[in-house]
Amino acid sequence: MKAHRYKHDTTGLHPYSSKPLWILATNMLPSNVPSLYSLARPVHAHMIASGFQPRGHILNRLIDIYGKSSKLEYARYLFDEIPQPDIVARTTLIAAYSAAGDLKLSRKIFSETPLRMRDSVFYNAMITAYSHNHDGHAAIELFCDMQRDNFRPDNYTFTSVLGALALVAEKEKHCQLLHCAVVKSGTGFVTSVLNALISSYVKCAASPSAQSSSLMAEARRLFDEMPNRDELSWTTIITGYVRNNDLDAAKEFLNGTSEKLGVAWNAMISGYAHRGLHLEAFEMFRKMVMSKIQLDEFTFTSIISVCANAGCFRLGKEMHAYFLKTVANPAPDIAMPVNNALITFYWKCGKADIAREIFNKMPDRDLVSWNIILSGYVNAGCMDEAKSFFNEMPEKNILSWIIMISGLAQIGFAEEALKFFNRMKLQGYGYESSLSAGNALITMYARCGVVDAAHCLFINMPCVDSVSWNAMIAALGQHGQVRKLAVAYGLMKLPHGATVRVFKNLRICGDCHNAFKFMSKVVGSEIVVRDGKRFHHFRDGKCSCGDYW
């Protein structure tokens, strides 16, 4: 595209029409995005060829069209050709980069905009960019900056920042601080803001670090006091109770509304399934069908998963047939997750041939599809087929590698598992972001007899669960380090924070001494060990003996 510096036209009139140019330009463009782009390009080219100098709002409209059409190179080219882009152009480009997931460029545009040019809408665009791209901390920090810079938050600000808070809220005070800000701003009656605030309380209540039981009660109070509720209000509070394992309250709410809330019904089925209440999940599905509530891909994937976990082969086949009967020519975004659930169902029911047939006939597949088949081969002990299928995969993620590593380690092929692990590292994958990856590697190291490596990995993992502890205990048990096994077992079985006491007459070795220091720091519990000479009290990574014994 030939370089062309735009200047804003001062008259805005077409030489052969009394109508302003922006009206003519806008009337030429349809409303849907693909058509917008197909016509915007020739209109833009005509502007350049004719020497027309459009006003700023026409240029901003073109930037918006290019951005929404994912043609960011055109949007940025046009933006750069404007000598002094106004705040609308800057806000539009931030939104475009945000939609493409490019927070770095969004932030660059934001930071380069002088404070005197900014307004609340501009801040809202950047806060929304952080929120939509799951950077809750940055969104909240920018909200604080916005207030310090004396810009007044509005409905959209609070809706976005509360959505961001829901991503990271782990303490009641986080919700309370923003709740107070909402009340002070006068937006506490706006439905969208209240929905976002309820969602924040709900997600904080479900956080493992949440200590107060009043969070769901506060969400309920906000819901009860809402002047106007919409479908999202009901759905948020019902799914909130499901997330917090209060299915009775969720069911009570669901029965109390006349709205046909498909999302809430799906959440109930998923909640029952998560708790192993298969009959209740089936009954909820039956009522959903009888009530003529629209079934979607989440409904079918949830109920098919229930059939898989409950081992209900006949009922699962009926669900498969019902889906084929009621959903004619399903769109890819519906067919793919349902087909993935069906593949899992047939694998778990021992019907590998049907699972593979569904996979082979899928018009579109994603990594989930490939990993399900791979996992099916591994779980069935068909490692030759698994290795062949693994090599056929067009792309892989860390889960693909972990399925293979874990499967090989579990059947005793520890050395081959280690080779896969080394290949995985060469491909640039690490275990740090995946708990299941760390657990599989602990098992792999243990089977290889490299217990020190397993122990080092365990104490440096960002978080551990019961699978991690069981893998580590098994590793210690296989190789005779009895004192470590006893401490590990105590840490797993005793309540969090309880003191672990181990008595053994033999002098404690340096390896165990170092291990217990690490354990006390990582777990946050006191470990008391008595050897043949003295007591050792391990707290916060230090021992009472001062490392001299």
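**Strands and a helix residue**

Analyst: In strand β3, Phe 535 is the bridge partner of Arg 530. Keep in mind that this is a predicted model.

User: OK. How many bridges join β2 to β3, and do the strands run parallel or antiparallel?
Analyst: Four bridges, and the two strands run antiparallel. β3 covers residues 535–539.

User: Which residue in β2 does Val 502 stand opposite?
Analyst: Val 529.

User: Switching topic. Where is Thr 159 found?
Analyst: In helix α9, which covers residues 155–168.

User: Is Thr 159 buried, exposed or partly exposed, and why?
Analyst: Partly exposed, because its relative accessible area is 27%. Buried would need under 20%, and exposed would need over 50%.

User: What is Thr 159 in contact with, leaving aside neighbours within four places in sequence?
Analyst: Ser 192, Val 193 and Ala 196.

User: How about Val 182? What separation do its C-alpha atom and that of Thr 159 have?
Analyst: The two C-alpha atoms are 9.9 Å apart. Along the chain, Thr 159 and Val 182 are 23 residues apart.

Notes: Residues numbered from 1 in each chain as written. Predicted model: local features only at pLDDT ≥ 70, side-chain atom pairs only at ≥ 80, totals over all residues. Heavy atoms only, no water. Buried < 20%, exposed > 50% of the residue type's maximum accessible area, 1.4 Å probe, protein only. Contact = heavy atoms within 4.5 Å. Pairing = 2+ DSSP bridges.
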